[in-house]
Amino acid sequence: MPEYHTILDARPWTLPLRAPFKIAKRTAHEAQNVLVTFTNGDGLVGYGAAAPAAYVTGETIESVLDLVNGQALALANLDPSRIGPLLDLCAEAFADAPSARAAVEMAALDLWAKHHKSNLWHHFGARRTSIATDLTIPIVEPAEATRLVQAAVKDGFEHFKIKVGGPEGHDADIARIRAIVNAAPDAGIRVDANQGFDAEGAIRLAKELVEVAPNIELLEQPVSEEDTAALKYVRDHVSIPIFADEAAQTPASVRRLIKEEAVDGINIKLMKSGIGGALEIIAICHAAGVKLMLGCMLESRLSLTAALFIAAGTGAISYIDLDSHYLICPDPKRSGGFDERGPEMIVNTNGHGWGVTGLADCAN
């Protein structure tokens with residue numbers, strides 16, 4: 001058997017935020033990521049990144065580091081020219097750790113594509129050259145929400161995702177949404193509750209949203225991820241499309257939600273399902289006629305590029321929420337993957353793999 005001398009490694013990678021980011025479940029002051037590298041004997045390096053969220057998948061920075069580095073020997077000496085066996089091993093080794101799996105899949109794909117001198121956008125279908133993301137407005141006072149939206153409208157944003165469900169309560173949520181609608185009356189509005197309500201509270205919110213925000217597009221994960229019956233109950237009693245996020249982590253969970261007619265749409269995130277799982281969920285939803293959103297955690301340019309290539313490559317996503325590069329402080333040392341023009345994310349096909357550069361020295 002040939003010796004390929006592939007080396008897997010994971011290191012912490014902390015990215016500063018422009019401002020604290022508050023949602024129903026937590027307030028983040030920095031984006032805590034993990035950088036994963038796959039290096040072969042020829043000096044080629046494949047890069048991947050994880051952004052674990054304990055309240056979603058149970059993973060932490062420490063658990064991802066321990067698991068990935070703990071699998072380094074098992075995943076050594078692999079053939080970088082054959083992506084199928086690499087991804088099969090990733091699926092087996094990280095079956096219960098989706099953000100760790102996403103990062104290692106990302107690094108494996110990057111190494112494979114660099115070995116073959118190809119860009120990964122082509123691997124996913126190359127259907128679209130660009131996509132437009134929304135911009136997320138965290139739980140802030142109405143005046144701050146107004147300021148953020150007015151600045152974003154000047155940059156060309158036409159869709160906003162509004163976080164609700166914080167301890168300030170229903171009236172504060174409605175005041176924030178009203179301020180955003182007043183600041184951008186023609187914008188599409190997507191409301192994300194992050195499991196912040198019970199069923200009756202979610203129904204009350206949804207009915208008022210119809211009055212406050214005529215351009216409301218969807219309500220995301222209004223109730224606990226564990227309560228599929230409550231999710232279906234909300235869907236059956238409101239006119240706004242209901243999307244699942246935290247409840248839709250695996251292909252199996254998506255099949256169950258669709259079978260029980262609990263949702264109108266699914267928000268895919270690579271950190272919840274890995275790349276292989278995300279592609280399987282796309283196929284499931286496409287077959288069932290269920291709408292798709294592709295979202296992100298507080299992620300680096302690297303993992304955003306992977307999500308962008310999947311969205312643009314497959315052309316299967318109706319709603320795009322890939323905006324963490326607007327929430328994280330700019331870093332001129334890291335570039336590539338995509339170009340930005342306001343909300344537009346334009347695929348950059350010049351590089352091999354994901355095409356993101358400046359990563360060699362970015363871990364903590």
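Colleague: What is a salt bridge?
Modeller: A salt bridge is a side-chain nitrogen of Lys or Arg within 4 Å of a carboxyl oxygen of Asp or Glu. Side chains of opposite charge can pair when their charged atoms come close.

Colleague: What kind of model is this?
Modeller: This is a predicted model, where local features need pLDDT of at least 70 and side-chain atom pairs count only at pLDDT 80 or more, while totals for chains, interfaces and linings use all residues. Residues are numbered from 1 along each chain as its sequence is written, and side-chain values use heavy atoms, leaving out hydrogens and water.

Colleague: How many salt bridges does the structure hold?
Modeller: It holds 18 salt bridges. In one of them, Asp110 meets Lys114 at 3.0 Å, N to O.

Colleague: Where do Asp110 and Lys114 sit?
Modeller: Both are in helix α4 (residues 98–115), 4 residues apart, so about one helical turn separates them. Helices (H or I, at least four residues) and strands (E, at least two) are DSSP runs, numbered from the N terminus.

Colleague: And Lys272, which residue does its side chain meet?
Modeller: Asp245, at 2.8 Å, N to O. Lys272 lies in helix α11 (residues 270–288) and Asp245 in the loop between β9 (242–244) and α10 (251–259), so the pair ties together parts 27 residues apart in sequence.

Colleague: Is Lys272 buried or exposed?
Modeller: Lys272 is buried, at 1% relative accessibility. Buried means under 20% relative accessible area, exposed over 50%, partly exposed in between (1.4 Å probe, protein chains only).

Colleague: Which residues are joined into one network?
Modeller: Lys161, Lys163, Asp192, Glu220 and Asp321, through salt bridges that share partners.
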